[in-house]
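Let's take a walk through this one together, starting with the overall build and ending at a helix crossing. Have a look at the chain first.

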Amino acid sequence: MAEGDNRSTNLLAAETAGLEEQLQGWGEVMLMADKVLRWERAWFPPAIMGVVSLVFLIIYYLDPSVLSGVSCFVMFLCLADYLVPILAPRIFGSNKWTTEQQQRFHEICSNLVKTRRRAVGWWKRLFTLKEEKPKMYFMTMIISLAAVAWVGQQVHNLLLTYLIVTFLLLLPGLNQHGIISKYIGMAKREINKLLKQKEKKNE
């Protein structure tokens, strides 16, 4: 058991080091984005919502086709991938990189690796469910996809995408400030109250 844990830890460290090397040119930008997403200042949440709203208003106004939208998005990613490693050190000054910043960059890369592992783990569990319980797998997939299709039919695609993107960008800050855990705790308490009231009625 200990050997397995050590192997997993070593593998995680190796993957994190590899990711740090790949993203070294994005270090300053990632640290700045991390501060914004974790709401280190009070005006960051409305700023996030404002920027996202502006981008989606531009998309709504231009009304590009799917092919044009995908092409522009990929083109933007290519430009960012080329320009950011060149411009970031000049703007932020990589020579001022501190031990604290290096540690935070390491934590960000480690969290990204863990998130990727979780996603791969869920993907493997899905295929395991398909092999072991095919009926449950197909029923779950059909019901889930039908529900998603129904929501997509009821809500405009752009509005739905806007809500999803906004929620995902606000999620790190919500977790950091304990807002999600607070409301989950409130929901659990209300559910427990309802269950206790139901038990008393049954008695």
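Helices here are DSSP runs of H or I with at least four residues, strands are E runs of at least two, and both are numbered from the N terminus. What you're looking at is a predicted model, where local features need pLDDT of at least 70, side-chain atom pairs count only at pLDDT 80 or more, and totals for chains, interfaces and linings use all residues. Residues are numbered from 1 along each chain as its sequence is written, and side-chain values use heavy atoms, with hydrogens and water left out.

The chain has eight helices and zero strands. Its radius of gyration (taken over C-alpha atoms) is 22 Å, well over the 17 Å that the globule rule (2.2 Å times the number of residues to the power 0.38) gives for 203 residues, so the chain is more spread out than a compact globule.

UniProt's unreviewed entry lists residues 42-62, 68-88, 136-153 and 159-180 as "transmembrane region"; such annotations may be inferred rather than shown by experiment, and positions follow the numbering used here, with feature names shortened. In the model, residues 42-62 are 90% helix and 0% strand, with end C-alpha atoms 32 Å apart. For residues 159-180, the figures are 91% helix, 0% strand and 23 Å.

Now for the crossing: the axes of helix 2 (residues 27-37) and helix 5 (residues 99-132) come within 10 Å and cross at roughly 80 degrees. Those axes are lines fitted to C-alpha atoms over the stretch in contact, with angles running from 0 to 180 degrees between N-to-C directions.
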